[in-house]
Amino acid sequence: MEDYIIKVEDLTVAYEKKPVLWDIDLEIPSGTLMAIVGPNGAGKSTLIKTMLNLIKPVAGRISFWGNPYEKELKRIAYVPQRGSVDWDFPTNVFDVVMMGRYGNLGWFKRPEKIDKELTMEAIEKVGMTEFAKRQISQLSGGQQQRVFLARALVQDAEIYFMDEPFQGVDAKTEEAIIGLLKDLRSNGKTVVVVHHDLQTVPKYFDWVTLLNMQILGVGPVEDVFTDENIRKTYITRN
Ligand SMILES: Nc1ncnc2c1ncn2[C@@H]1O[C@H](COP(=O)(O)OP(=O)(O)OP(=O)(O)O)[C@@H](O)[C@H]1O
């Protein structure tokens, strides 16, 4: 039997009574780099936010290693959409990345030398060392995305959720990010990415979920990412 670490069963989510996800069943094995693709408004962000307990579903169950999210939150990292954050907030790159340690630290414990070292290590991994003291309001879109990624890396989680990490970044940053995601997978981590670019799915990912309010396919890219399934997914619903 395959080792599914994330399970979503009979999930239905609605905003003001209008369903946006309908009867979703999803099982994700450990060690996959998975894309969630589908047209605008398909419910991709809603799906991962619901899995992360940020939205309450109308019905359904979600489990990580057989447990509810609250029990496993330290092992789950989330990189939200860049646009969903107030980048004018007066703080610098180092402090934002250090926030990724607080789950391990507990809110009232002061960071130790090791936390600071791990923070600098993550900043270096994403190529932002020279910007460590820079205010986040002064970063480019690609740099902001790198900071977010560093914050998730420093958490040292088992599962990483990312909402459109390539949005508005240049080709070099995209390459750097996908390199880091592939490294995570090589280290046995599971990475779930909301992704927009169909062209790069086979190159970047080994698993895919096709979503348009319902699941139109889920599994290994070579089995599921077929022309027919893609066509079904991108038929607009009303
Ligand atoms: N807070 C909200 N209140 C009401 N409706 C919402 C809310 N957030 C999203 N929606 C609606 O739910 C549907 C799914 O949105 P969601 O953001 O999950 O889609 P998506 O697939 O991530 O879209 P995109 O690719 O455009 O980012 C859309 O029709 C959207 O307008």
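This is a predicted model: local features need pLDDT of at least 70, side-chain atom pairs count only at pLDDT 80 or more; totals for chains, interfaces and linings use all residues.

Me: Let us turn to the fold. How many helices and strands are there in the protein?
Reply: The protein has 10 helices and 9 strands. Its radius of gyration is 18 Å, close to the 18 Å that the globule rule gives for 238 residues, so the protein is as compact as a globular protein of that length.

Me: What box do the C-alpha atoms fill?
Reply: Taken along the principal axes, the box is roughly 50 × 40 × 35 Å.

Me: What percentage of the residues count as buried?
Reply: The buried share is 37% of the 238 residues. As for contacts, among those between residues at least 6 apart in sequence, 69% join residues at least 24 apart.

Me: Now the sheet. In what order do the strands come?
Reply: The order is β5-β6-β7-β3-β8-β9. These 6 strands form an open sheet with mixed pairing.

Me: Which strands stand at the edges, and why is one side of each left without a neighbour?
Reply: The edge strands are β5 (76–79) and β9 (214–220). Each has a single partner strand, so one side of each has no neighbour in the sheet. From one strand to the next, the twist averages 15 degrees.

Me: Do β3 and β8 run parallel or antiparallel?
Reply: Strand β3 (residues 33–37) and strand β8 (residues 207–212) run parallel, and 4 bridges join them. Within this pair, M34 has W207 in β8 as its bridge partner.

Me: One more topic, W87. Where is it found?
Reply: W87 lies in the loop between β5 and α3 (93–98).

Me: Why does W87 count as partly exposed?
Reply: W87 has 16 C-beta neighbours inside 10 Å. A residue is buried at 20 or more and exposed at 12 or fewer, so a count in between makes it partly exposed.

Me: Which residues does W87 touch, leaving out those up to four places away in sequence?
Reply: W87 touches I136, S137 and Q144.

Notes:
Residues are numbered from 1 along each chain as its sequence is written. Two strands pair if DSSP finds at least two bridges between them. Helices (H or I, at least four residues) and strands (E, at least two) are DSSP runs, numbered from the N terminus. Axes are lines fitted to C-alpha atoms, for helices over the stretch in contact, and angles run from 0 to 180 degrees between N-to-C directions. The radius of gyration is taken over C-alpha atoms; the globule rule is 2.2 Å times the number of residues to the power 0.38. Two residues are in contact if their C-beta atoms, placed from the backbone, lie within 7 Å.
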